[in-house]
Amino acid sequence: MKPNGVAKAALAVGLSATALAQNSCDKVLVPSYDLPVVAAGWQAQLIAGELTKPRSLQFDSSGALLVVESGKGITRHTLKDNGGTCISVSESKTLIDEKTLNHGIALSKDGKTLYASSASAVYAWDYDSKAGTVSGKREIVTNMSNNDLVTRTLLLSQKEDGYLLVSRGSADGNEAQAEVLNNGLSQIRAFDISNVTSSTTKAYNYNEDGVVLGWGLRNSVGVGEHPITGGIYAVENSIDGVTRNGKDIHENNPGEELNFFGYLNGTKEHQGGNYGYPKCFAVWDVSEIPENDNLKIGSQFAITEENAQTVSDNKLTDETCASDYVSPRLTFPAHYAPIDIKFTPKGDVAYVTFRGSFDKTDPVGYRLSSLQFNPTTGEPTVSAENSRDALKDIIMNKDNSVCPDKCFRPVGMAFDSRERLWMTSDSTGEIYVLLKTEESPTSTENGTIVTGTDSPQSSASATKAGGDDENAASALWNGWETRALVAAGVVGVAGVLALI
């Protein structure tokens, strides 16, 4: 990065070179795999490692970072913020020691009730953010067990008070169960938890209660709410190993999906529809599909057209897939595996993590990307037919051919109070922080991945990921600080890279 670009970055975060010099960060953590590639106008830094499969993130009202570590529980990290990406931790501890917690987390608007999920239930605790303690565990939603796809994403509406959204995936090997609404599989439901105030209140039964926002969803792990309109979106992980009339088409089909589920304000428009699984899926590569007349990117197509019926009891064809099921708002490349979606406070951009997959010749995904939205309408600015132009990569792996073993796999995200974007990588046990340094970068050079100037520490997490390290909560941050590298002329070795 040129000095004038560095100075602009410093101004963008409201920091002077003097202040940065006073708060320079030492002992920067560097991943054990190839350094990620960062988009122009962005700065990224690895600030934590050796966690146990970190999934979702949540900042509390005191500014502490809560992390769901799958198979371990929830850990809490008090941050010392020196500006930019120069962040250190003054204290870390295990907040909830519960090995069944695996993905979902949410916090009430007043910051006093914490929610988290296991494969079978959603729980709530009274939460004191100042003391960093929980009490009064109770079940909120139950009866969600199935044999596969066990994450239960949680989203607490910020537009309609009291609504908790819960996403539940399919039971692989018995996909037909998803065709029965009261089985509760492959659905997103919203529950009014405003009256669930104590452990004596009866928990909701997922299969029977709540408002069905959508069904026929194989695994919609990422769920987000547009901050202006309140529109509900989710990113869908579609199936692998697809054939069509006996031909293998799995290399580039079906596409992953961005779906829309209406609003929680009482209107029923765009709400409660069936999105196709396990019979109809979104086209990504038309040329790969036999008998593809009238198909285009984003169209719903049938895997087979023999002796099958749609949800409306019509014969299953491409035409009835289009008429009887809800098509995606946008379609993403096959096997990208979207995991989370987060909107900026202005509602003009949504960020999506793609955990990646190797169910094709060349591994794909393994990145965090952005989507442009119209902040007034709450709609993507790209049409469904132009889905190939929708994604802009923000941070990605240098070489996907070494994935998944030697690269990061993005999962959960959260914005802090300064609108820096935090991201977990569960396979490597790490957390990154990303800072937008320029709104409209003119340079074609890559952004900055901070590595520091002094013998940086190397993260061992890539080889330790997933281990049950009981001391991880207290050790992960110890001595790991960051270096912003946005003071004019202060650029460490490999601090500004063009990784091509």
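Mentor: A strand here is a DSSP run of E with at least two residues, and strands are numbered from the N terminus. The model is predicted.

Trainee: Is Asn294 buried or exposed?
Mentor: Exposed means over 50% relative accessible area. Asn294 has a relative accessible area of 71%, so the word for Asn294 is exposed.

Trainee: What is phi of Asn294?
Mentor: Asn294 is a residue other than glycine, yet its phi is positive. The value for Asn294 is near 70°.

Trainee: Is Ala337 buried or exposed?
Mentor: Ala337 also has a positive phi, of about 60°, and is not a glycine. Its loop runs between strand S25 (330-332) and strand S26 (338-343). Buried means under 20% relative accessible area. Ala337 has 11%, so Ala337 is buried.

Trainee: Which residue is joined to Pro254 by a cis peptide bond?
Mentor: Pro254 is in the loop between strand S20 (247-248) and strand S21 (256-260). Omega of the cis bond is about -10°. The residue joined to Pro254 is Asn253.

Trainee: What is omega for the peptide bond from Cys403 to Pro404?
Mentor: Pro404 belongs to the loop between S30 and S31. The bond from Cys403 to Pro404 is cis. Its omega is near 10°.

Trainee: Which element gives the largest share of the largest nonpolar core?
Mentor: That core has 22 residues, and Tyr351, Leu368, Ile395 and Leu434 have the most contacts inside it. Elements that give two or more residues include strand S3 (42-48), strand S27 (349-354) and strand S33 (430-436). The largest share is 3 residues, and the element is S3.

Trainee: Which side chain is joined to that of Gln43 by a polar contact?
Mentor: Gln43 lies in strand S3. With a relative accessible area of 1%, Gln43 is buried. The polar contact spans 2.8 Å, and the partner is Thr85.

Trainee: Which residue in S11 is the bridge partner of Ala124?
Mentor: Strand S10 (residues 122-128) and strand S11 (residues 133-142) are antiparallel and pair over 6 bridges. The partner of Ala124 in S11 is Arg138.

Conventions. Residues are numbered from 1 along each chain as its sequence is written. This is a predicted model: local features need pLDDT of at least 70, side-chain atom pairs count only at pLDDT 80 or more; totals for chains, interfaces and linings use all residues. Side-chain values use heavy atoms; hydrogens and water are left out. A nonpolar core is a set of buried Ala, Val, Leu, Ile, Met, Phe, Trp, Tyr and Cys residues joined through side-chain atoms within 4.5 Å. Buried means under 20% relative accessible area, exposed over 50%, partly exposed in between (1.4 Å probe, protein chains only). Helices (H or I, at least four residues) and strands (E, at least two) are DSSP runs, numbered from the N terminus. Two strands pair if DSSP finds at least two bridges between them. A polar contact is a pair of N or O atoms within 3.5 Å; within protein, one must be able to donate a hydrogen and the other to accept it, and residues adjacent in sequence count only if both atoms are side-chain atoms.
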